[in-house]
Amino acid sequence: TVTPAMSDGYNGTTIFFCCVAAVLWVIHFTSGQGWPTSTPSISGYAALAACALSIAGGYACWGYGMLHGNMETLAVGSYATPVFSTASSTVLLGVALGVPFWIGVVLVVAGSLINLWFARRAS
């Protein structure tokens, strides 16, 4: 509730993520790991881009909802971010998603749709 007043309409999420990325690169290079010895494949870059887009999209919805008071956008961001980031991470890591994950996804989506339906019905 205080984010719109404190932010003065500006979203600091982009600056925060850029600073975190810079710090993580510094930690990586000072740890002695150095440069990778092989170049990732095209599918590796595509998976990385999919992960980045899904996580960035969720945070964009979250930031817009927090700054502008749009609770529907905020709800989409808060529900979609963990689902998309987990799904895209499994693609990047090459891990199969089990039945419990998909049951959880169905429950989260159903819950958010029910919530949206009741919110629109009440207004």
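This is a predicted model: local features need pLDDT of at least 70, side-chain atom pairs count only at pLDDT 80 or more; totals for chains, interfaces and linings use all residues.

User: In which helix is confidence highest?
Analyst: The mean pLDDT of the chain is 77, and 89% of its residues reach 70 or more. Confidence is lowest in helix α1 (residues 3-7), at a mean of 67. At 83, the highest value belongs to helix α5 (residues 99-122).

User: Which element gives the most to the nonpolar patch on the surface?
Analyst: Phe 16, Phe 17, Val 20, Val 23, Leu 24, Ile 27, Tyr 59 and Trp 62 form this patch, with about 750 Å² of accessible area together. The elements that give two or more residues to the patch are α2 (13-30) and α3 (42-68). With six residues, the most comes from α2.

User: Is Trp 62 buried, partly exposed or exposed?
Analyst: Trp 62 has its place in helix α3 and belongs to the nonpolar patch. Buried means under 20% relative accessible area and exposed means over 50%. Trp 62 has 38% relative accessibility, so its class is partly exposed.

User: How far apart are the end C-alpha atoms of α2?
Analyst: α2 has 18 residues.

User: What does α3 reach from its first C-alpha to its last?
Analyst: α3 has 27 residues, for which 39 Å is expected at 1.5 Å a residue. The model comes close to that value, with a reach of 38 Å.

User: Which residue just after α3 takes a positive phi?
Analyst: Just after α2, a positive phi of about 90° is found at Gly 32. Just after α3, a positive phi of about 70° is taken by Gly 69.

User: What is the separation between the C-alpha atoms of Gly 94 and Ala 47?
Analyst: Gly 94 lies in the loop between α4 (71-93) and α5, and is exposed, with a relative accessible area of 64%. Ala 47 is one of the buried residues of α3, which also include Cys 51, Ser 54 and Gly 58. Gly 94 and Ala 47 are 47 residues apart along the chain, and their C-alpha atoms are separated by 10.0 Å.

User: How much of the accessible surface of the chain belongs to carbon and sulfur atoms?
Analyst: Buried residues make up 15% of the 123 residues in the chain. The accessible surface comes to about 9,200 Å². The part that belongs to carbon and sulfur atoms is 73%.

User: What share of the contacts with a separation of 6 or more comes from residues 24 or more positions apart?
Analyst: Contact here means heavy atoms within 4.5 Å. Among contacts with a separation of 6 or more, residues 24 or more positions apart account for 53%.

Key. Residues are numbered from 1 along each chain as its sequence is written. Side-chain values use heavy atoms; hydrogens and water are left out. Patches are made of residues with over 30% relative accessible area and no salt bridge: like charges are joined within 9 Å, nonpolar side chains (Val, Leu, Ile, Met, Phe, Trp, Tyr) within 5 Å. Accessible areas come from the Shrake-Rupley method with a 1.4 Å probe; for residues, only the protein chains shown count as cover. A salt bridge is a side-chain nitrogen of Lys or Arg within 4 Å of a carboxyl oxygen of Asp or Glu. Helices (H or I, at least four residues) and strands (E, at least two) are DSSP runs, numbered from the N terminus. Buried means under 20% relative accessible area, exposed over 50%, partly exposed in between (1.4 Å probe, protein chains only). The expected span of a helix is 1.5 Å times one less than its number of residues. pLDDT is the predictor's confidence in each residue, from 0 to 100.
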